[in-house]
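Subject: Structure handover

Hello,

Here is the structure I promised you. Please open it next to this email, and then read on for what turned up.

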Amino acid sequence: MDLSFYNSLTRRVEPLQPLVPGTVRMYTCGPTVYNFAHIGNFRAYMFEDLLRRTLEFAGLKVTHVMNLTDVDDKTIRGSRAAGVPLRDYTATYKKAFFEDVDTLGIERATVYPAATDHVAEMIALVGKLFEKGYAYQAPDKSVYFSVAKDPDYGKLAHLDRSGMRASVRISNDEYAKDDVGDFALWKAWDENDGDVKWDSPWGPGRPGWHIECSAMSAKYLGETFDIHTGGIDNLFPHHENEIAQAECATGKPFVKLWMHCAHLRVNGEKMSKSAGNFFTLRDLLAKGYTGREIRYVLLGGHYRQPLNFAFDALAAARTALARIDEFTVRMEGLAGNAQCAMHNAQCGGAAGSPGGQAPSGAAGSPDGQAPSWPDKHLAAFAAALADDLNSPLAFAAVFALVNEGNRLAQAGSLDAAGAAAALAALKKMDTVLGVLARPAAAIPAQVQSLLDQRAAARQAKNWAESDRLRDAIAALGWTVKDTKDGQRLSKS
Ligand code: AMP
Ligand code: ZN
């Protein structure tokens with residue numbers, strides 16, 4: 001499966017050519033943990049999840065690093081206002097972030113380095129820039145990167161350098177494109193920082209936001225790596241500055257492929273804390289929407305197109321997911337024991353063998369013959385994602401599968417193997433989308449306990465006890481069947 005993605009650096013769609021064949025090293029700018037993330041932030045993390053899962057779907061081994069910004073202007077301001085030490089203050093929002101990530105079904109990154117654990121690496125990087133003549137200490141004692149010394153500065157944002165005012169110095173972490181100028185690598189301590197400070201060769205202070213990512217990406221992914229992602233507002237100044245710092249320090253290219261997602265908007269305006277037009281995930285859960293429905297909405301638009309958030313879209317997601325669930329139930333009924341393809345907790349899952357092979361050769365299409373009808377939809381799905389993560393087209397392939405399966409079932413021309421192949425295709429698609437699997441009915445603790453005892457009895461070949469436990473489970477309204485993958489549980 002050949003993948004192509006839009007590269008913000010070259011402004012072209014390019015084939016992905018990993019630096020080390022078969023693997024991808026990818027870095028994502030993570031949350032600033034000063035508050036609950038809003039669903040605009042989660043649009044960015046969802047796009048990165050889609051990318052990561054697509055790379056894995058294509059058989060690539062992904063190392064994914066996402067930093068946690070736990071020291072900057074906003075975290076310090078928040079902790080001081082709350083009268084809580086910075087570490088305790090950010091710990092609350094780190095925990096909330098991971099809860100939200102799990103609710104939305106976002107795969108965990110390989111590693112989540114926190115900025116405050118890597119200040120030594122940041123100081124070393126600033127030191128290197130100093131040695132090479134790219135950094136200087138200003139009268140305010142902060143250390144700045146000299147943009148004039150870097151002829152490549154501006155290549156990501158395609159800046160017109162003739163308009164730059166090299167004498168401008170910027171100590172804020174975030175600023176607009178019109179404010180191009182020397183940016184802070186190390187911020188000298190002042191009284192607004194309270195007790196937040198580290199010693200450095202330039203006096204007490206703290207790292208600038210941009211140096212965090214250059215230092216931590218190099219530590220975990222090396223000096224040159226494959227993909228760097230973020231929301232489009234990260235492109236300038238943050239990513240431009242990351243490139244300048246990294247490439248001036250190492251003399252090597254920093255990143256091959258830069259990918260950015262467009263904003264989640266509300267009434268045409270970027271969703272943001274400062275505009276006050278935001279919803280956190282918790283706001284939407286409290287209104288009765290599920291993580292699955294929100295995930296569906298966030299994945300539904302192409303990542304490079306702005307996506308307008310509206311409650312209508314959540315209602316439409318509910319209807320669409322119900323249609324997929326009905327289809328799954330119908331196919332499971334037809335497939336019978338042919339295959340437990342959408343193997344989830346409802347099937348008992350005890351043996352832990354999720355299966356999940358692509359349905360090649362299934363449903364009456366032995367190898368070498370024309371692909372089965374589910375395989376054709378799976379191929380369309382893969383082609384959509386391979387073409388710069390076209391998720392709307394990928395969902396169209398899902399619904400084409402659902403429609404064709406329903407039509408065949410309606411006509412009475414779908415056998416058990418065909419239904420099993422449809423389920424297997426759906427399951428394979430869901431390794432990327434993460435929204436198609438029917439949520440498992442919660443298994444009551446008493447039933448789960450009997451199920452566990454029965455697994456142990458069967459292990460010990462105590463068939464009489466196994467039968468007794470099956471009857472006990474049946475008396476509670478559940479049916480247990482034994483398959484080659486272990487016990488399969490369903491509601492009677
Ligand atoms: P921040 O915590 O502000 O640094 O943002 C974390 C991530 O969310 C970054 O990748 C931002 O680009 C992204 N982001 C912020 N607001 C939005 C939005 N409305 N839509 C999409 N991405 C956003
Ligand atoms: Zn970053």
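Which atom of methionine 271 lies 2.8 Å from a nitrogen atom of ligand 1? A backbone N or O atom of methionine 271 does. Keep in mind that this is a predicted model.

**Ligand 1**

Let me stay with the ligand. There are 15 residues around ligand 1. Gly40, Gly231, Asp233, Leu264 and Met271 come nearest. Leucine 264 also brings its backbone: a polar atom there is 2.8 Å from a nitrogen atom of ligand 1. Asparagine 234 uses its side chain instead, with a polar atom 3.0 Å from an oxygen atom of the ligand.

**Domains**

I looked at how domain 1 meets domain 2. Each side puts in 24 residues that are in contact with the other. Together the two domains bury about 2200 Å² between them. Carbon and sulfur atoms account for 67% of that area. Which three residues supply more than any others of the area that domain 1 buries against domain 2? They are Phe57, Arg292 and Tyr296, with 32%.

On the side of domain 1 that touches domain 2, two elements give two or more residues: α1 (39-57) and α8 (291-300). Helix α8 gives the most, with 8 residues. By class, that side of domain 1 has 13 nonpolar, 5 polar and 6 charged residues.

**Salt bridges**

Side chains of opposite charge can pair when their charged atoms come close. The whole structure holds 28 salt bridges. Across the interface of domain 1 and domain 2 there are 3. Elsewhere in my notes are these pairs:

- Arginine 318 and glutamate 293 meet through their side chains, at 2.7 Å from N to O.
- Lysine 252 pairs with glutamate 223, and their closest N and O atoms are 2.5 Å apart. This pair links distant parts of the chain, 29 residues apart. Lysine 252 sits in the loop between α6 (235-250) and β11 (255-261). Glutamate 223 sits in the loop between α5 (209-221) and β10 (225-231).
- Glutamate 14 pairs with arginine 12, with 3.9 Å between the closest N and O atoms.

**Backbone**

Two spots deserve a look on screen. Most residues other than glycine have a negative phi, and most peptide bonds are trans. Where is the cis peptide bond? It joins phenylalanine 236 and proline 237, with omega about 0°. Proline 237 is found in helix α6. Asparagine 267 is not a glycine, yet its phi is positive, at about 45°. Asparagine 267 lies in the loop between β12 (264-266) and β13 (269-270).

Best wishes

Key:
Residues are numbered from 1 along each chain as its sequence is written. Chains are lettered from A and ligands numbered from 1 in the order in which they are written. This is a predicted model: local features need pLDDT of at least 70, side-chain atom pairs count only at pLDDT 80 or more; totals for chains, interfaces and linings use all residues. Side-chain values use heavy atoms; hydrogens and water are left out. Contact means heavy atoms within 4.5 Å. Buried area is the accessible area (1.4 Å probe) that two parts lose on being put together, summed over both. A salt bridge is a side-chain nitrogen of Lys or Arg within 4 Å of a carboxyl oxygen of Asp or Glu. Helices (H or I, at least four residues) and strands (E, at least two) are DSSP runs, numbered from the N terminus. Ala, Val, Leu, Ile, Met, Phe, Trp, Tyr, Cys and Pro count as nonpolar, Asp, Glu, Lys and Arg as charged, and the others, Gly among them, as polar. A residue is near a molecule or strand if one of its heavy atoms lies within 4 Å of it. A polar contact is a pair of N or O atoms within 3.5 Å; within protein, one must be able to donate a hydrogen and the other to accept it, and residues adjacent in sequence count only if both atoms are side-chain atoms.
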